[in-house]
Amino acid sequence: GSSVRIAGVTIGDVTDVTLKPGDMVALVVFRVPTNLKLDDDTVAAIKSSGLIGEKFISLKPGGSGTTIKPGALIIDTESSVDLEDVIARFAFGSVDKK
């Protein structure tokens, strides 16, 4: 049910999240309008609304000119930063002092 956004605008929603057996990779299925054309170099990232806000999928459209088909995988992803974890480590003194 989390939102999918482009440039901060909600354009869809997450319909399923599973763990791919074997390689322990998360597989996220989401729905966007059929008239939205995404290129094959689109980048997906998990973002957060504010410090402890809801999580959402942020898409950065690519510019390759090759449109991906419905059901295709978006391979390019960005790692998310878990701000709650960082704050907890800092508050409880477990942040590396180096």
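Q: How many bridges join strand β4 to strand β5, and do these strands run parallel or antiparallel?

A: Strands of a sheet pair through backbone hydrogen bonds, either parallel or antiparallel. In this predicted model, strand β4 (residues 43–48) and strand β5 (residues 55–60) run antiparallel and are joined by 6 bridges, with Ser48 having Lys55 in β5 as its bridge partner.

Q: In which sense do β4 and strand β6 pair?

A: Here the sense is parallel, over 2 bridges, with β6 comprising residues 77–78; Ala44 has Thr77 in β6 as its bridge partner.

Q: What is the order of the strands in the open sheet?

A: The sheet has 6 strands in the order β3-β2-β1-β5-β4-β6, and its pairing is mixed. β3 (25–31) and β6 are the edge strands, since each of them pairs on one side only. Elsewhere in that order, strand β1 (residues 3–6) pairs with strand β2 (residues 9–20) in the antiparallel sense over 4 bridges, and Val4 stands opposite Gly12 in β2.

Q: Does Ser3 count as buried or exposed, and why?

A: A residue counts as buried when its relative accessible area is under 20%, and Ser3 is therefore buried, because its relative accessibility is 10%. Ser3 lies in strand β1, and its side chain makes a polar contact of 3.0 Å with the side chain of Arg5. Leaving aside residues up to four places away in sequence, Ser3 touches Thr10, Gly12, Asp13, Glu54, Phe56 and Ile57.

Methods:
Residues are numbered from 1 along each chain as its sequence is written. This is a predicted model: local features need pLDDT of at least 70, side-chain atom pairs count only at pLDDT 80 or more; totals for chains, interfaces and linings use all residues. Side-chain values use heavy atoms; hydrogens and water are left out. Two strands pair if DSSP finds at least two bridges between them. Buried means under 20% relative accessible area, exposed over 50%, partly exposed in between (1.4 Å probe, protein chains only). A polar contact is a pair of N or O atoms within 3.5 Å; within protein, one must be able to donate a hydrogen and the other to accept it, and residues adjacent in sequence count only if both atoms are side-chain atoms. Contact means heavy atoms within 4.5 Å.
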